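Subject: Structure handover

Hello,

Please find the structure below. My notes on it follow.

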Amino acid sequence: VVHVEDDGVAERAGLFEGDVIVAVDGTRVSSTLDYAFRVLDRAPGETVVLGVTRAGAPHEVTLVLRQSP
């Protein structure tokens with residue numbers, strides 16, 4: 001995660017700059033493109049559980065998707 005907008009979806013989900021997204025709904029992702037394929041086919045309002053690594057420790061955050069501006 002490179003940037004987290006104030007009051008944005010990522011911030012509300014509990015993501016921090018520097019987090020590394022490693023899974024979407026329990027399925028491992030290995031690249032930004034892999035992550036995008038797993039998320040782009042979802043509808044706004046759907047919930048996604050992201051597995052992240054933060055400072056070397058695993059975490060999970062729940063993200064509610066919204067439509068891109």
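**A buried aspartate and its partner**

At 2% relative accessibility, D19 counts as buried (buried means under 20% relative accessible area, exposed over 50%, and partly exposed in between, with a 1.4 Å probe and protein chains only). This is a predicted model, in which local features need pLDDT of at least 70 and side-chain atom pairs count only at pLDDT 80 or more, while totals for chains, interfaces and linings use all residues. Residues are numbered from 1 along each chain as its sequence is written, and side-chain values use heavy atoms, with hydrogens and water left out.

D19 forms a salt bridge with R54, and the closest N and O atoms are 2.8 Å apart (a salt bridge is a side-chain nitrogen of Lys or Arg within 4 Å of a carboxyl oxygen of Asp or Glu). The pair links distant parts of the chain: D19 sits in the loop between α1 and β1, and R54 in strand β3 (residues 47–54), 35 residues apart. Helices (H or I, at least four residues) and strands (E, at least two) are DSSP runs, numbered from the N terminus. R54 is partly exposed, at 21% relative accessible area.

**Other salt bridges**

The count comes to five salt bridges. One of them joins the side chains of R38 and D34, at 3.8 Å from N to O. R38 and D34 are four residues apart in helix α2 (residues 32–40), so about one helical turn separates them. R38 is partly exposed, at 33%.

D41 and R42 also meet in a salt bridge through their side chains (3.8 Å, N to O). Salt bridges that share partners join D25, D41 and R42 into one network. D41 is exposed, with a relative accessible area of 60%, and R42 is partly exposed at 24%.

**Positive phi**

Most residues other than glycine have a negative phi. D25 is not a glycine, yet has a positive phi of about 50°. D25 lies in the loop between β1 (20–24) and β2 (27–28) and is partly exposed, with a relative accessible area of 37%. D7, also not a glycine, has a positive phi of about 60°. D7 is in the segment before α1 (9–13) and is exposed at 53%.

**Core**

The largest nonpolar core has 12 residues in all, among them V9, L15, V39, L50 and L63 (a nonpolar core is a set of buried Ala, Val, Leu, Ile, Met, Phe, Trp, Tyr and Cys residues joined through side-chain atoms within 4.5 Å). α1, β3 and β4 (57–64) each supply at least two residues of this core, and β3 gives the most, with three. Leaving aside neighbours within four places in sequence, L50 is in contact (heavy atoms within 4.5 Å) with residues including L15, I21, Y35, H59 and V61.

**Pocket**

How much space lies in the largest pocket? About 930 Å³. A pocket is an open set of points on a 1 Å grid over the protein atoms alone, where a 1.4 Å probe fits, with protein on both sides within 12 Å along at least five of seven lines; lining residues have an atom within 4 Å of a point. Grid points are joined across faces, edges and corners, and the volume is the space filled by probe spheres set on the points.

Of the 29 residues that line the largest pocket, V9, Y35, V39, L63 and L65 are the closest to its centre. α2 gives the most to this lining, with five residues.

Regards
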